[in-house]
Amino acid sequence: MNTNTKNSSAKALIKSALECSANKDSYLRRRTSNPLLSELGKLPNEIDEIICEQKPNFCHSLAFRMATYSDNADNLFKRWNTLLGNAKKADGWEDEYKKWSNEKAHWAIKWDRFNQFLWFLQCFEYFSENSQSVSFPASKKKPKPDLCVQKADGKKVFVECYYYTKWWGREHFLEDLLNAIDTKLKIKRKYNISYKESGNPMAEKNFVETLNILKDNLTEARLLEHRNNAVTVSPQVICDIGDFAILLEGDGEYQPDDNNAHGDPSNSLDVFVEEIIDHKKDKNDLEGHSPNLLMVNSLGFDFQLAFCKNPQQVNMPEYLDEVRIYKCGINGRVSNCDPMNFQRGSGPK
């Protein structure tokens with residue numbers, strides 16, 4: 001199958017999901033009632049314009065959610081609109097926003113980029129709601145941390161915001177896509193183990209092929225067959241893709257999985273923390289902006305399971321003064337989340 005055919009097949013799957021769950025009235029209402037999401041998010045005017053050429057998802061991320069999420073999600077979009085409005089008033093916003101609104105990596109179009117941008121806005125909210133002065137120190141001349149927080153005593157703290165994603169953003173997208181087709185479709189995989197790129201269908205270079213495989217296996221005829229079978233035995237395995245599988249749950253007798261072991265979260269956590277710290281080496285001149293604080297959202301499917309464990313003592317590098325690691329959802333507030341907190345020369349606080 002050539003590249004153009006693969007792309008067309010992947011887009012056909014997105015179209016099927018929209019045909020199953022997209023609500024034109026809800027989408028248009030949400031566009032109108034959330035003007036900043038509409039303007040800055042470059043939302044398409046119509047549902048049939050949500051599909052786009054941008055790989056690997058082939059759809060406008062925010063618009064897909066606004067078209068397929070139930071009416072219960074209205075407050076979610078209202079909150080995102082408010083977060084944008086608050087940040088837009090701060091000093092330095094225009095220069096900062098240029099980094100997020102590039103057409104090839106626009107925060108509202110790319111699924112992974114959306115999660116990163118939302119976390120950035122959540123961090124801004126966290127510091128500004130405490131009556132602290134928060135600005136965006138973005139500069140064309142040299143890199144700088146994401147936020148500058150000036151405390152009541154006049155002292156400044158520089159904040160770097162980091163959403164630790166790996167491939168999980170694409171897994172989030174696939175969950176939303178499957179849910180739009182049938183709410184009983186689920187992704188099965190093992191957690192807290194290392195995946196080789198060749199066996200990981202969520203890896204970016206494999207993702208278009210993953211959508212193609214799903215297009216072939218999620219036809220209405222095959223889904224009907226699995227739904228009928230799930231009345232007796234559940235879950236039904238739709239297909240295996242690399243180290244993952246797609247399941248359809250039903251009301252039939254539950255069949256336990258004999259091969260359902262997972263990795264140890266405590267082992268994963270140390271690796272995650274080390275990767276986070278190493279990723280910020282030589283980034284945004286953190287060493288030249290002190291004191292600084294790295295705010296991390298770890299709401300990936302693996303890391304959140306590891307949160308119940310305490311990592312070993314962390315050797316903080318010279319370029320970081322403090323690291324706070326949260327698990328904060330897309331509708332969450334940082335102030336309601338308890339972080340793991342590391343400071344130079346110390347373990348978790």
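This is a predicted model: local features need pLDDT of at least 70, side-chain atom pairs count only at pLDDT 80 or more; totals for chains, interfaces and linings use all residues.
1. Aromatic pairs as a whole. A search of the whole structure finds 26 aromatic pairs.

2. Phe-64 with Phe-173. These two rings form an edge-to-face pair, with 6.2 Å from centre to centre and 65 degrees between the planes. Phe-64 belongs to helix H4, which covers residues 61–68, while Phe-173 belongs to helix H8, which covers residues 168–181, so the pair ties together parts that are 109 residues apart in sequence. Phe-64 is buried, with a relative accessible area of 0%, and for Phe-173, also buried, the relative accessible area is 0%.

3. Trp-80 with Phe-114. This aromatic pair is edge-to-face, its centres being 4.8 Å apart and its planes 65 degrees apart. Because Trp-80 lies in helix H5 (residues 74–88) and Phe-114 in helix H7 (residues 111–128), the pair ties together parts that are 34 residues apart in sequence. Are Trp-80 and Phe-114 buried or exposed? Both Trp-80 and Phe-114 are buried.

4. An aromatic cluster. Trp-80 and Phe-114 also belong to one aromatic cluster, which they form together with Tyr-69, Phe-77, Trp-93, Tyr-97, Trp-100, Trp-107, Phe-117, Phe-120, Phe-124 and Phe-136.

5. Helix H4 with helix H8. The helices that carry Phe-64 and Phe-173 can also be described through their axes, which come within 11 Å and cross at roughly 30 degrees. An angle under 35 degrees counts as roughly parallel, and H4 and H8 are therefore roughly parallel to each other. The crossing in which H4 passes H8 is left-handed. On the H4 side the contact involves Phe-64, Arg-65 and Thr-68, which meet Asp-176, Leu-177 and Ala-180 of H8. Sorted by class, this contact of H4 with H8 has three nonpolar residues, one polar residue and two charged residues.

6. Helix H2 with helix H4. Helix H2 covers residues 24–33, and its axis and that of H4 come within 7 Å, crossing at roughly 120 degrees. That angle makes H2 oblique to H4, and the crossing of the two helices is right-handed. Which residues of H2 and H4 meet? Ser-26, Tyr-27, Arg-30 and Arg-31 are the residues on the H2 side, and they meet Ala-63, Arg-65, Met-66 and Ala-67 in H4. By class, four nonpolar residues, one polar residue and three charged residues make up the contact of H2 with H4.

7. Helix H1 with helix H9. Helix H1 (residues 3–21) and helix H9 (residues 204–217) have axes that come within 8 Å and cross at roughly 60 degrees. The two helices are therefore oblique to each other, and the crossing of H1 and H9 is left-handed. From H1, the contact draws on Thr-5, Lys-6, Asn-7, Ser-9, Ala-10, Ala-12 and Leu-13, and from H9 on Val-208, Glu-209, Leu-211, Asn-212, Leu-214 and Lys-215. In terms of class, the contact of H1 with H9 has six nonpolar, four polar and three charged residues.

How values were computed. Residues are numbered from 1 along each chain as its sequence is written. Side-chain values use heavy atoms; hydrogens and water are left out. Rings of Phe, Tyr and Trp (its six-membered ring) pair if their centres lie within 6.5 Å; planes under 30 degrees apart count as stacked, over 60 as edge-to-face and the rest as tilted. Helices (H or I, at least four residues) and strands (E, at least two) are DSSP runs, numbered from the N terminus. Buried means under 20% relative accessible area, exposed over 50%, partly exposed in between (1.4 Å probe, protein chains only). Axes are lines fitted to C-alpha atoms, for helices over the stretch in contact, and angles run from 0 to 180 degrees between N-to-C directions. Angles under 35 degrees count as roughly parallel, over 145 as roughly antiparallel, 65 to 115 as roughly perpendicular and the rest as oblique. A crossing is left-handed if the near helix is turned anticlockwise from the far one by less than a right angle, and right-handed if clockwise. Contact means heavy atoms within 4.5 Å. Ala, Val, Leu, Ile, Met, Phe, Trp, Tyr, Cys and Pro count as nonpolar, Asp, Glu, Lys and Arg as charged, and the others, Gly among them, as polar.
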